[in-house]
Amino acid sequence: MKTATLNNGITMPMLGFGVYQIAPEQTEAAVIGALQNGYRLIDTAAAYMNEEAVGRAVKQSGVPRDDVFITTKLWVQDAGEAAAAKALDVSLQKLGLDYVDLYLIHQPYGDIHGAWRTMEAAVKAGKIRAIGVSNFHPDRVADLIAHHDTVPAVNQIELHPFYQRETEVAFHREHGILTQSWASFAEGQNDIFKHPVLSAIAAEHGKSVAQVILRWLNQRGVAVIPKSVTPARVIENAQIFDFELSAQEMAQIAALDTGKSLFFDHRDPERVKWLSGMKIHD
């Protein structure tokens, strides 16, 4: 498994298994299957409502805890120093773990500065190994960096062939932040799995379109967390390290960029209001 060294010196797999939108009753089996097929990074979040199933799966998989990289995330409702401390403890309790490897601020809203102070303290206390953010634009990342000692280790953002965000990736690289992609397959939009350019490249390598996309991201230095509840696809998605895309193929994929999100703009006032009002607990 290919790994990256984060800006605090710890290593993180460049390929992981995401559990977003996997129902809790399906999560346990899906995570066990992923771990048994070589995945060593599991990405969850408090807002996904499946942390407990992830924790059970890690224990039942037979894979030593120290060999599994666990990411979870702080929801907007729990931004702030005291609330973040409580939320982290709740996540650890649900996961059944003494620490998580990576803890992300899930959305760039609310008292992110208070939350970051708590997260920095939790690293020193041994509850978290690395801290980062998700869905932050460069200005929000720069604001966080300007007011704290710790530079985010990771920024997890929407990134796929139709929304490539080269400016953001370059910004992250400049500041020693690893970019991690969510929605690597654009959730199937624009008929991505049948796209003629991607299909032709896949045929050239004897690979699937999904494998080509994941390989393209990794070759750009972007970490990936594909999700599937289909065992054959879970296995397939991990088989991306035995081929390499040429410069010409990378350029062909680069030409697919539209420069626009296929989901929503995190700077849209209505979206900010909606996400900020979303409650995941009483």
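The model is predicted: local features need pLDDT of at least 70, side-chain atom pairs count only at pLDDT 80 or more, and totals for chains, interfaces and linings use all residues. Residues are numbered from 1 along each chain as its sequence is written, and side-chain values use heavy atoms, with hydrogens and water left out. Helices (H or I, at least four residues) and strands (E, at least two) are DSSP runs, numbered from the N terminus.

**Nonpolar cores**

- A nonpolar core is a set of buried Ala, Val, Leu, Ile, Met, Phe, Trp, Tyr and Cys residues joined through side-chain atoms within 4.5 Å.
- Buried means under 20% relative accessible area, exposed means over 50%, and partly exposed is in between (1.4 Å probe, protein chains only).
- The largest nonpolar core holds 69 residues, and Phe 17 and Ile 42 touch the most other members.
- Helix 8 (residues 209-219) gives this core its largest share, seven residues.
- Another core, of 15 residues, lies apart from it; Ala 4, Leu 41, Leu 178 and Ala 223 are among its members.
- Beyond its neighbours within four places in sequence, Ile 42 is in contact with residues including Phe 17, Val 19, Val 54 and Ile 70. Contact means heavy atoms within 4.5 Å.
- In soluble globular proteins, nonpolar side chains tend to be buried together.

**Rings and charges**

- The whole structure has four aromatic pairs. Rings of Phe, Tyr and Trp (its six-membered ring) pair if their centres lie within 6.5 Å; planes under 30 degrees apart count as stacked, over 60 as edge-to-face and the rest as tilted.
- Trp 182 and Phe 263 form a tilted pair, 5.5 Å centre to centre with 50° between the planes.
- Trp 182 is in strand 9 (residues 178-182) and Phe 263 is in the loop between helix 10 (247-254) and helix 11 (269-276), so the pair ties together parts 81 residues apart in sequence.
- Trp 182 is buried, at 17% relative accessibility. Phe 263 is partly exposed, at 25%.
- The charged end of Arg 65 sits over the ring of Tyr 99, 4.1 Å from its centre. A charge sits over a ring if NZ of Lys or CZ of Arg is within 6 Å of the ring centre and within 35 degrees of the ring normal.
- Arg 271 lies over the face of Phe 264, 4.2 Å from the ring centre.

**Largest pocket**

- A pocket is an open set of points on a 1 Å grid over the protein atoms alone, where a 1.4 Å probe fits, with protein on both sides within 12 Å along at least five of seven lines; lining residues have an atom within 4 Å of a point.
- The largest pocket has about 890 Å³ of space.
- Its lining has 39 residues, and Tyr 20, Gln 21, Ala 183, Glu 187 and Lys 227 are the closest to its centre.
- Strand 9, helix 9 (231-237) and helix 11 each supply at least two lining residues.

**Selected residues**

- Gln 21 lies in the loop between strand 3 (17-18) and helix 1 (24-36). Its phi is near 65°, a positive value in a residue other than glycine. Gln 21 is exposed, at 52%.
- Ala 183 lies in the loop between strand 9 and helix 7 (196-205). Its phi is also positive, near 60°. Ala 183 is buried, at 16%.
- Val 229 is in the loop between strand 10 (223-224) and helix 9. Leaving aside neighbours within four places in sequence, Val 229 is in contact with Ile 22 and Gln 26.

Terms used
Grid points are joined across faces, edges and corners, and a volume is the space filled by probe spheres set on the points.
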